[in-house]
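Have a look at the structure first, then read on.

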Amino acid sequence: MKKIFALLLVVMLGGLYSVAAEQTYSIWELNKMGIVANSPMTETQYRNAIDILKKVHEKTAQNMKTGSGPFYAAVIDSKGNIIAGESNSVVKDNCSCYHAEVNAIRAAQKKLGTYDLAPYNLSIYVNAEPCIMCVGALMWSGIKTVYYSVPSKSVEQITGFDEGFKPSWLREFRKRGITVYGNIIPESGEAVLQQYVNMGKTIYKPSR
């Protein structure tokens, strides 16, 4: 009996040690790593974000071949279940509002039957930083966490898209309880965007 109790104690202490030992990066540390953030991040979050964004980049490249724009967004719950995943369909649907984030939010809200996603504790993973329009859509959607890969500056430099102005959007999101992590494996996303340009696809924006 004593041996069993001792074994259980070792297992419990080992579990507690594992939890306590997990690396948590401060905002300053994340910035030093090249990651944009408005909240600390655990090592598990970081690794999961890398894995998911790799798949998002793959999906982006795949859907570009069938006429979608070079952006893809996936809405995922805290257990890793995909609630919705959508590409940018501006050219396909002839609607300037149909960006990947907007399409994914619409699909998630339709699936869950609500305009407020907040109770579901959802995250959105996007291959690029949200544009000015998508920042607004995300703020009002109830999405809790935003993960993105390629920063807007790089998107504009590679493609010529106009991402708009977003003064202090990370700080404003934090005030509203929305966490943001960006610039995660941007090189992978930049390669896909360059592929879109090389394919001679439409760089959609209004004529001035």
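How many aromatic pairs does the count come to? Keep in mind that this is a predicted model.

1. The count comes to eight aromatic pairs. Take Tyr-125 and Tyr-147: their ring centres are 4.5 Å apart and their planes sit at 5°, so this pair is stacked. Tyr-125 belongs to strand β6 (residues 123-128) and Tyr-147 to strand β7 (residues 145-150), so the pair ties together parts 22 residues apart in sequence.

2. Both partners are tucked away from the surface by the numbers. Tyr-125 has 7% relative accessibility and counts as buried; Tyr-147 is buried too, at 4%.

3. Elsewhere among the aromatics, look for a cluster: ring pairs link Phe-71, Phe-161, Tyr-196 and Tyr-204.

4. Now to the pockets. The largest pocket has a volume of about 490 Å³. Its lining runs to 25 residues, and Ser-96, His-99, Asp-162, Tyr-204 and Lys-205 are the ones nearest its centre. Helix α6 (132-141) is among the elements that supply at least two residues, and α6 gives the largest share, three residues.

5. The second largest pocket holds about 260 Å³ of space. It is lined by 14 residues, with Asp-77, Ser-78, Ser-123, Tyr-125 and Tyr-147 nearest its centre, so to speak the stacked tyrosines again. Two or more lining residues come from each of α3 (43-64), β6 and β7, and α3 gives the most, four residues. This lining has four nonpolar, eight polar and two charged residues.

Terms used. Residues are numbered from 1 along each chain as its sequence is written. This is a predicted model: local features need pLDDT of at least 70, side-chain atom pairs count only at pLDDT 80 or more; totals for chains, interfaces and linings use all residues. Side-chain values use heavy atoms; hydrogens and water are left out. Rings of Phe, Tyr and Trp (its six-membered ring) pair if their centres lie within 6.5 Å; planes under 30 degrees apart count as stacked, over 60 as edge-to-face and the rest as tilted. Buried means under 20% relative accessible area, exposed over 50%, partly exposed in between (1.4 Å probe, protein chains only). On a 1 Å grid over the protein atoms alone, a cavity is a set of points where a 1.4 Å probe fits but cannot get out, and a pocket is an open set with protein on both sides within 12 Å along at least five of seven lines; lining residues have an atom within 4 Å of a point. Grid points are joined across faces, edges and corners, and a volume is the space filled by probe spheres set on the points. Ala, Val, Leu, Ile, Met, Phe, Trp, Tyr, Cys and Pro count as nonpolar, Asp, Glu, Lys and Arg as charged, and the others, Gly among them, as polar.
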